[in-house]
Amino acid sequence: MPAPPHRIAIGVHPKMPEAFDLAKTIAGFLEARGLTCTQGSLYEDRLRRSVIEGGADLLIVLGGDGTMLRGGHLVAPYDVPILGINLGRLGFLIETQRDEWPQALEHILAGDYRLEPRMTIRARHFPAAGGVGGSWDVINECVMGRGQTVRPVRLTAEIDGRYLTTYVADALIAATPTGSTAYALAAGGPILPPTLRNILLMPVAPHLSFDRAVVLHEGSWVRMTVYSDHEALLSVDGQAPVPLADGDAVEVRAGEHSVAFVRLQDPGGFYRNLTSRMNQNSSGGGER
């Protein structure tokens with residue numbers, strides 16, 4: 001079992017006022033038990049430094065799945081575990097509901113929890129003009145596809161340097177097992193147990209093209225190239241899209257880091273919760 005944490009960072013969604021109020025309440029709860037706390041928006045330098053400079057051995061995030069992804073990007077390179085408290089809608093990635101946090105923290109402070117490592121993937125953009133356009137650590141998915149124009153694009157996929165197929169589609173998703181329950185699931189892809197270490201390749205709305213998901217071994221890599229005479233975009237974990245030009249490529253392979261999710265249930269909890277979460281409808285927009 002992991003050791004109980006002593007220095008805790010509490011990160012909140014910057015546009016959720018109720019999250020700041022709850023963060024203060026949680027900090028008071030923990031400080032009364034002798035722990036050190038740093039709290040604030042996930043974008044504040046003070047909070048981020050507490051993780052980057054070794055001043056935290058647990059990050060608690062308050063928000064929805066989107067907030068959990070932002071926190072995961074922060075902690076992954078530094079091996080700091082992350083616990084989510086759900087203030088959003090669906091909470092597929094999150095362990096604890098907003099009214100359950102005192103009991104959850106009591107378990108964690110007693111060392112009664114486990115860490116669930118989640119694979120990341122590394123995405124690199126190679127512009128057709130040459131060089132490297134950017135690189136990202138990805139927890140859910142990397143999506144390469146059309147922009148606002150409602151016309152498909154051509155996307156080629158090469159696996160380990162060997163041509164696989166050409167898609168005529170809205171997009172092509174390269175996802176982690178964690179991301180298999182996100183956009184890839186909406187596109188008709190399979191659900192992968194989150195602790196697997198595979199890369200999922202899934203087309204979105206393919207037209208007269210190969211329409212099946214492909215599951216790659218952890219050691220494999222995929223190169224996706226877009227061909228289009230209209231707008232094309234790259235989106236990583238739902239962040240601001242990156243414009244792509246005709247012939248631009250993105251290479252995806254297993255990442256160097258993992259994200260350690262704090263879990264209070266036994267490993268079978270993923271399957272027990274799957275049906276109830278699949279039956280929820282997060283109306284009113286995306287996860288915050």
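Two strands count as paired if DSSP finds at least two bridges between them. The model described here is predicted.

An open sheet contains six strands, in the order E13-E12-E11-E8-E15-E16, and the pairing is antiparallel. Strand E13 (214-217) and strand E16 (242-244) form the edges, each pairing on one side only. On average, neighbouring strands of the sheet are turned by 20 degrees against each other, direction ignored.

Within this sheet, strand E8 (residues 141-146) pairs with strand E15 (residues 232-236) in the antiparallel sense, over five bridges. Here Gly-145 has Leu-233 of E15 as its bridge partner. E8 also pairs with E11, again antiparallel and over five bridges. Cys-142 stands opposite Ala-174 in E11.

Strand E11 (residues 171-175) is mostly covered, with five of its five residues buried. In a regular strand, side chains alternate between the two faces of the sheet. Both faces of E11 are covered. Ala-171, Ile-173 and Ala-175 are buried on one side, Leu-172 and Ala-174 on the other. E11 pairs with strand E12 (residues 198-204) through five bridges in the antiparallel sense. Ala-171 stands opposite Val-204 of E12.

Helix H2 (residues 45-52) was examined next. Its buried residues are Leu-47, Ser-50 and Val-51. Seen down the axis of H2, these residues fall within an arc of 95 degrees, so they line one face of the helix. The buried residues of H2 pack against strand E1 (7-12), strand E2 (36-41) and helix H3 (65-75). Just after H2, Gly-54 adopts a positive phi of about 80 degrees.

Terms used:
Residues are numbered from 1 along each chain as its sequence is written. This is a predicted model: local features need pLDDT of at least 70, side-chain atom pairs count only at pLDDT 80 or more; totals for chains, interfaces and linings use all residues. Side-chain values use heavy atoms; hydrogens and water are left out. Buried means under 20% relative accessible area, exposed over 50%, partly exposed in between (1.4 Å probe, protein chains only). Helices (H or I, at least four residues) and strands (E, at least two) are DSSP runs, numbered from the N terminus. The arc is that of the directions from the helix axis to the C-beta atoms. Contact means heavy atoms within 4.5 Å. Axes are lines fitted to C-alpha atoms, for helices over the stretch in contact, and angles run from 0 to 180 degrees between N-to-C directions.
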